[in-house]
Amino acid sequence: MKLINSPVTSFDINGKTIYIKHDELLHPDLSGNKARKLAYFIEQDLPHIDTLVSYGGVQSNLMFSLSALAKLKNWQFIYHSYPPAKTALQQTTGNLAKALANGMQLVTTQQDLRQTVYNTYNQKNQLIIEQGGAQPEAEYGIIQLANEIRHWTHHNGFTELAIFLPSGTGVSALYLQKNLPEFTVYTTNCVGTPEYLQQQWQELAPTNHQPTILSNLTYRFATPDYELWQTSQLIKQLSSTEFDLVYDPVGWHILLNHLQQISAPILYIHCGGLIGNLTMFNRYNYKYKID
Ligand SMILES: *Cc1c(COP(=O)(O)O)cnc(C)c1O
């Protein structure tokens, strides 16, 4: 199965046209940059594997995508996390509920997650995928995305392009910049500091082509914020597109603050994550009564 060639639409804001690459439309369950990061495993025949193992947060978008991958491949899926809040386990929708419905086995522990996983699963039939999919195989699908963008840019007669996507691990932004050195990839740090993001890049793949960080020094990861909510509603209305409520409100907010500095046409990569919106919306609604 190949998940490729997502469409591009556009909308205008403050006299500027912004293009959107709709990777959220690649597949109902394997979408966004998670479909790109997992493309290698989706497309490869891996007959010796029957068990997928990963670890991280229980609201993770990657976790849900991995549950869809395991279902597709007929693999067991074992996921390690710290014990979640009771309310997270009671939810009937969102990433955790949907991953469990796909057959994910959740193992909770107080021990270091990565170390526990590597100590426990070392058989040939077990495939470990890093938290957030931060590993070299992710580049395979991002190269495909880079090629689609290059083709689209030439087709439209653009000689320059500014690409934007918000970062968690920063893997998507890094591999995109590495494979599109002729354009500028902008990102913002949604998780941790800008320095932390750069450090992640250095560890994963030292390259002269690092993305350009538009620093986020204000917004904490996955924390409802009224200003971000307003930005997300504005973008939803103008673009007629629903974006994720964890990364994209920060991404759009920071990008809009820098719009006048960027003269090249802007392409915003929709990274999916819409399954997680159901639980994030509840958190916004609880805090700001926006329903
Ligand atoms: C995972 C994710 C990101 C961040 O991707 P990284 O490659 O970890 O930087 C951004 N947006 C959405 C919607 C995501 O699910």
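**A ligand and the helices around it**

Let's start with two helices: H1, covering residues 32–43, and H7, covering 171–179, each supply at least two residues of the shell around the ligand. H1 gives the most to that shell, with 3 residues. Keep in mind as you look around that this is a predicted model.

Now zoom in on the ligand itself. It has 15 residues surrounding it, and the closest are Lys34, Lys37, Asn61, Thr169 and Ser172. What kinds of residues make up the shell? Sorted by class, you get 8 polar, 4 nonpolar and 3 charged residues.

Find the side chain of Lys34: one of its N or O atoms sits 2.7 Å from an oxygen atom of the ligand. The side chain of Asn61 also has an N or O atom 2.7 Å from a ligand oxygen.

Finally, follow H7 to another helix, H6, which spans residues 138–155. Two packed helices are described by the angle between their axes and the distance between those axes. For H6 and H7, the angle is about 55 degrees and the axes are 9 Å apart. As for handedness, H6 passes H7 in a right-handed crossing.

Key
Residues are numbered from 1 along each chain as its sequence is written. This is a predicted model: local features need pLDDT of at least 70, side-chain atom pairs count only at pLDDT 80 or more; totals for chains, interfaces and linings use all residues. Side-chain values use heavy atoms; hydrogens and water are left out. A residue is near a molecule or strand if one of its heavy atoms lies within 4 Å of it. A polar contact is a pair of N or O atoms within 3.5 Å; within protein, one must be able to donate a hydrogen and the other to accept it, and residues adjacent in sequence count only if both atoms are side-chain atoms. Helices (H or I, at least four residues) and strands (E, at least two) are DSSP runs, numbered from the N terminus. Ala, Val, Leu, Ile, Met, Phe, Trp, Tyr, Cys and Pro count as nonpolar, Asp, Glu, Lys and Arg as charged, and the others, Gly among them, as polar. Axes are lines fitted to C-alpha atoms, for helices over the stretch in contact, and angles run from 0 to 180 degrees between N-to-C directions. A crossing is left-handed if the near helix is turned anticlockwise from the far one by less than a right angle, and right-handed if clockwise.
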